[in-house]
Amino acid sequence: MAPSIIGKADRNPTSKADRKAALDVGAWLFNVTTSVGIIMVNKQLMAVYGFSFATTLTGLHFSMTTLMTLVLRCMGYIQPSHLPVIDLIKFALCANFSIVGMNVSLMWNSVGFYQIAKLSMIPVSCLFEVVFDKIGYSRDTKLSIMVVLAGVAICTVSDVSVNTKGFIAAVVAVWSTAMQQYYVHNLQKKYSLSSFDLLGHTAPVQAASLIVLGPLIDYWLSGLRVDLFDYSLPSVFFIVLSCIIAVGTNLSQFICIGRFSAVSFQVLGHMKTVLVLIMGFFLFGKQGLNIQVVLGMLLAICGMIWYGNASSKPGGKEKRAYSLVSDRVSKAGAADEELGIKS
């Protein structure tokens with residue numbers, strides 16, 4: 001009896017490890033496929049069929065995502081939770097600016113510059129952490145950020161597809177996305193919300209606001225009305241396909257965040273960037289791509305990988321000592337007040 005029990009115990013960990021590895025690979029591929037797919041589909045929709053209504057398209061994305069959250073709620077994956085209205089509005093504003101900025105940036109810029117602009121979101125997020133959370137960075141971490149900025153600068157100067165409107169859209173997209181990510185972290189920590197719970201709160205608000213404001217914003221940006229667009233069967237097909245893939249993109253992001261570490265998810269982002277750059281070159285032409293731009297892309301990607309490794313090491317990224325002392329003093333003071341102790 002004993003040997004058979006031991007044998008089963010030996011086999012179970014291996015079986016569980018294999019199953020986890022298979023699920024990790026599946027989630028990884030799911031995220032890569034949907035993220036790259038939606039960029040390519042949206043670019044095809046905007047560049048080939050002239051559907052320049054990025055904000056309205058985003059509203060349709062979140063409408064479909066809202067339906068998904070309703071299904072997940074019925075299935076029990078989203079539990080009842082509370083999020084104050086004021087925080088919900090703040091988050092929705094950040095998220096809407098982020099999504100709209102990204103879509104407009106994709107419409108007005110080449111695929112290469114669009115992806116390089118996205119790479120600069122992590123240095124901006126680092127700035128928020130330094131200012132608001134008093135996080136300190138090691139020398140290697142700082143140098144890696146400088147390498148990323150150098151790569152972005154090289155691509156910005158040499159990419160002839162960059163224009164004033166596209167550059168402004170990219171700046172808005174990067175900063176609003178970094179703000180959204182910082183705010184998401186605070187909301188989840190403050191109200192003990194899971195990613196699925198937060199999506200259940202925010203998706204309906206974003207869908208409603210973007211469906212109402214989307215056509216007006218698109219008219220202001222392009223001078224065209226979405227209701228007068230010459231809808232054809234292929235263009236409608238790509239609109240529906242974009243909405244379906246958007247649901248998968250949102251879902252796969254939550255799955256990956258739950259299964260992978262922060263560094264692994266960053267590396268995943270680098271792989272998506274490389275795939276999008278390659279596919280953008282073959283599907284949409286060079287669009288200003290030359291040896292200098294390629295070198296800038298490689299430099300930026302190498303810097304991001306270096307940043308991921310450097311920030312994950314001990315001392316690479318941690319709260320400053322005086323900030324920790326301040327936190328302890330504040331907690332001690334609060335405890336003294338509760339006990340009625342006066343100095």
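Helix α7 gives five residues to the nonpolar patch, the largest share. Helices here are DSSP runs of H or I with at least four residues, numbered from the N terminus (strands are runs of E with at least two). The model is predicted, so that local features need pLDDT of at least 70 and side-chain atom pairs count only at pLDDT 80 or more, whereas totals for chains, interfaces and linings use all residues. Residues are numbered from 1 along each chain as its sequence is written, and side-chain values use heavy atoms, with hydrogens and water left out.

**Nonpolar surface patch**

The patch has about 1100 Å² of accessible area together, and its members include Val85, Leu127, Phe167 and Trp175. Areas come from the Shrake-Rupley method with a 1.4 Å probe, and for residues only the protein chains shown count as cover. Patch residues have over 30% relative accessible area and no salt bridge; nonpolar side chains (Val, Leu, Ile, Met, Phe, Trp, Tyr) are joined within 5 Å, like charges within 9 Å. A salt bridge is a side-chain nitrogen of Lys or Arg within 4 Å of a carboxyl oxygen of Asp or Glu. Two or more residues each come from α3 (85–108), α5 (121–132) and α7 (164–191). Phenylalanine 167, in helix α7, is partly exposed at 39% relative accessibility (buried is under 20%, exposed over 50%, partly exposed in between; 1.4 Å probe, protein chains only).

**Aromatic pairs**

The whole structure holds seven aromatic pairs. Rings of Phe, Tyr and Trp (its six-membered ring) pair if their centres lie within 6.5 Å; planes under 30 degrees apart are stacked, over 60 edge-to-face and the rest tilted. Two of the pairs are tabulated here.

| Pair | Centre distance | Plane angle | Class |
|---|---|---|---|
| Phe51 and Tyr231 | 6.4 Å | 55 degrees | tilted |
| Phe53 and Phe229 | 5.9 Å | 85 degrees | edge-to-face |

Phenylalanine 51 lies in the loop between α1 (2–47) and α2 (54–75) and tyrosine 231 in the loop between α8 (195–222) and α9 (233–259), so this pair ties together parts 180 residues apart in sequence. Phenylalanine 51 is buried at 1% relative accessibility, while tyrosine 231 is partly exposed at 39%. Phenylalanine 53 and phenylalanine 229 are both buried. Ring pairs link Phe51, Phe53, Phe229 and Tyr231 into a cluster.

**A polar contact**

Serine 98, in helix α3, is buried with a relative accessible area of 3%. Its side chain makes a polar contact of 2.6 Å with that of threonine 177 (N or O atoms within 3.5 Å; within protein, one must be able to donate a hydrogen and the other to accept it, and residues adjacent in sequence count only if both atoms are side-chain atoms).
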